[in-house]
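Please look over the sequence and the model below before reading on. The paragraphs after them go through the structure step by step.

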Amino acid sequence: QVQLVESGGGLVQAGGSLRLSCAASGRTFSPYAMGWFRQAPGKEREFVATISWSGSMTRYADSVKGRFTISRDNAKNTVYLQMNSLKPEDTAVYYCAADGDYVRVTTTPTYWGQGTQVTVSS
């Protein structure tokens, strides 16, 4: 089992930046990919970004390319999402996810965090 806890959400003005963190605990010895999803009010949960265990492979949704950067520090069992040039449409609850498969983590990951609210004001 892997437990994921997000932090770093909050209120920011359009054009600003936030960095989300996701700390993993439990069975963290096996390699696993991690990712970020978000869900806005009245909308379905959508994929944002993912990163392989080594950090050598990353993938982003078209809506965040060039603005968001995913990274990880395996020594700290933590994945990050640096969000720059934030827009009001980025407002959502952001969820951290983990899975042993780099592809499956982008669709139906095995583990989820509880979510952290990001609100971008206009």
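**A buried aspartate and its surroundings**

D99 is buried, with a relative accessible area of 1%. The model is a predicted one. D99 belongs to strand β9. What does D99 touch, leaving aside residues up to four places away in sequence? The list is Y32, A33, R104, V105, T108, P109 and T110. With T110 there is a polar contact between the side chains, at 2.6 Å. With R104, D99 forms a salt bridge in which the closest N and O atoms are 2.8 Å apart. R104 is partly exposed, its relative accessible area being 41%, whereas D99 is buried. Side chains of opposite charge can pair when their charged atoms come close.

The strand that holds D99 can be taken next. Strand β9 covers residues 92-99, and seven of its eight residues are buried, so β9 is largely enclosed by the rest of the structure. Which strands pair with β9? Strand β4 (residues 33-39) is one of them, antiparallel to β9 over seven bridges. In this pairing R38 stands opposite Y94. Strand β11 (residues 116-121) also runs antiparallel to β9, joined to it by three bridges, and here V93 faces Q117. Strand β10 (residues 111-112) pairs with β9 in the antiparallel sense over two bridges, with W112 as the bridge partner of A97.

Another antiparallel pairing joins β1 and strand β3 (residues 18-26), over six bridges. Within it, V5 of the pair stands opposite A23 in β3. In a regular strand the side chains alternate between the two faces of the sheet.

The nonpolar residues come next. In soluble globular proteins, nonpolar side chains tend to be buried together. The largest nonpolar core here has 31 residues, and M34, W36, L81, M83 and Y94 are those with the most contacts inside it. Two or more residues come from each of β1, β3, β4, β5 (46-51), β7 (68-73), β8 (78-83), β9 and β11. Of these elements, β9 gives the most, with five residues. Y94 touches residues including L20, W36, V48, F68, L81, M83 and V118, when residues up to four places away in sequence are not counted. E6 and R38 are also among the contacts of Y94.

R38 leads on to the charged pairs. How many salt bridges does a search of the whole structure find? The search finds five. One of them joins R38 to D90, with the closest N and O atoms 2.9 Å apart. This pair links distant parts of the chain, since R38 lies in strand β4 and D90 in the loop between β8 and β9, 52 residues apart. R38 and D90 are both buried. R38 also forms a salt bridge with E46, and there the closest N and O atoms are 2.8 Å apart. E46 is partly exposed, at a relative accessible area of 33%, whereas R38 counts as buried, at 5% relative accessibility. A network of salt bridges links R38, E46, R67 and D90.

Definitions and conventions:
Residues are numbered from 1 along each chain as its sequence is written. This is a predicted model: local features need pLDDT of at least 70, side-chain atom pairs count only at pLDDT 80 or more; totals for chains, interfaces and linings use all residues. Side-chain values use heavy atoms; hydrogens and water are left out. Two strands pair if DSSP finds at least two bridges between them. Helices (H or I, at least four residues) and strands (E, at least two) are DSSP runs, numbered from the N terminus. Buried means under 20% relative accessible area, exposed over 50%, partly exposed in between (1.4 Å probe, protein chains only). A polar contact is a pair of N or O atoms within 3.5 Å; within protein, one must be able to donate a hydrogen and the other to accept it, and residues adjacent in sequence count only if both atoms are side-chain atoms. Contact means heavy atoms within 4.5 Å. A nonpolar core is a set of buried Ala, Val, Leu, Ile, Met, Phe, Trp, Tyr and Cys residues joined through side-chain atoms within 4.5 Å. A salt bridge is a side-chain nitrogen of Lys or Arg within 4 Å of a carboxyl oxygen of Asp or Glu.
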